Amino acid sequence: MSMDAKNIMDDANMPASIADMIERYERLMEISRQLNSTLDLASLLRKIISAAKGLTQCEAASILLIDPATGELRFEIASNIKSQDMDNIVVPLDSIAGWVVTHGEPRVIDDVTREPSWSKRVDDTIEFQTRSLLAVPMRAHNKVIGVLESVNKIGGQRFDENDINTLTTLASQAAIAIENARLFQQSDFIAEMVHELRTPLASLKASTVLLKRPDLPKERQGDIVDMMQGETERLIRLTSEFLDLARLESGRTRLDISRFDLHALIVESADVVIPQANEKGITISTKGDKLIASADRGKIKQVLLNLLTNAIKYNKDNGEVIIVTSQTQVDGEPFIRMDVTDTGYGISKENQKRMFQKFYRVADTASKSQGTGLGLTIAKHIVEAHEGTITLESELGVGSTFSVTMPMAKK
Ligand code: ADP
């Protein structure tokens, strides 16, 4: 509390509600300063919910954001939900939070059990009992990007007008800070991209200088031209993968869902990489259930091609690649599972954590093969846009298995 607010509160004639308002205002100003100075999205989200809890004196707080890729409303962070549970909850638009998004207005529910649009499913999933709820829209640049919620006012009290105003102000400041953090992530990506482009460009430049030298032995010319061809191909791959990823991240990619024979797609993808496999004497085999998938066929092919190319590139000579398809269940829903296993170099525990990050390449293996470090990041985005997951199990020197799961049918 600042000195001014304290002095005002010490004034015996000051009604308690005004003193409370001033105190909240002071704290909001302080929080706003903190939010504006945070560009790391995860820590920003943590600060927002802790501010929401403190300002409205409630048991839990959460942020739901509209997924730019799918338009779905999802929990981004919640003080009472574990992150692995959160990934599986899509909040329907006819829920209370959905109402706040579509109407762009706050909503107070004193007793959720009397509210027909209250979805108990979330409470059941997270084993939490919601009693009262205050949900306000998060608006940035005149667009609702999500919902900020305070849950269960402490002491069984009701959320009042003061709470609504405070949370609404916090939500609009938080929305702008989130947009800024997202933009920063994007500009960071551009900076990294430019950095990545410089390496092949620099080696192309050095090659042209060499080629122009009159004293260059004739037999060296062929090597240099081959190298230039490799670098040019890498530049082309980098730019097209960069565009793919930028589209996926900005939500401009729409899924074109159809039903198709997954086994046929796997065989078709394996056919594309067979020449590469043959060069290293690697065999590719498929096993498992013949399943019908409902997904974006072209994008799933892109994922498979990335996993298969990696399984060959980072494999030993005369190694093996096996693709296994199976049916599994996630939260009682039927899911498809595809495991791509190789007998290659494997990935250390330390590196496994960073595998799906942009431009990340393991130093030892990267030198053995050309690549961009974007393939797995793109694959993860595609699988997650299908409400699926991509995971990795690997042992150094033995090999790796990349597993993709996704719902049997995309809702
Ligand atoms: P790229 O292959 O173009 O470098 P990816 O995003 O597809 O980019 O892969 C990132 C990095 O992960 C690779 O550079 C490589 O170091 C490592 N990697 C990927 N797949 C495998 C695999 N099957 N076995 C071992 N290492 C792998």
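Visitor: Which residues are closest to the ligand, and how many surround it?

Guide: A residue counts as near if one of its heavy atoms lies within 4 Å of the molecule. Here 19 residues surround the ligand, and the closest are Asp342, Met355, Arg361, Thr372 and Leu376. This is a predicted model, in which local features need pLDDT of at least 70, side-chain atom pairs count only at pLDDT 80 or more, and totals for chains, interfaces and linings use all residues. Residues are numbered from 1 along each chain as its sequence is written, and side-chain values use heavy atoms, without hydrogens and water.

Visitor: Which polar side-chain atom lies 3.2 Å from an oxygen atom of the ligand?

Guide: That atom belongs to asparagine 306. In the side chain of lysine 313, an N or O atom is 3.0 Å from a ligand oxygen. Glycine 375 places a backbone N or O atom 3.2 Å from an oxygen atom of the ligand.

Visitor: What is the largest nonpolar core?

Guide: Nonpolar side chains tend to be buried together in soluble globular proteins. A nonpolar core is a set of buried Ala, Val, Leu, Ile, Met, Phe, Trp, Tyr and Cys residues joined through side-chain atoms within 4.5 Å; buried means under 20% relative accessible area (1.4 Å probe, protein chains only). The largest has 46 residues, and Leu262, Leu307, Ile336, Met338, Met355 and Phe402 have the most contacts inside it.

Visitor: What is leucine 307 in contact with?

Guide: Contact means heavy atoms within 4.5 Å. Setting aside neighbours within four places in sequence, leucine 307 is in contact with Val340, Leu376, Ile390, Phe402 and Val404.

Methods
Buried < 20%, exposed > 50% of the residue type's maximum accessible area, 1.4 Å probe, protein only. Polar contact = N/O pair within 3.5 Å; in protein donor to acceptor, adjacent residues only side chain to side chain.
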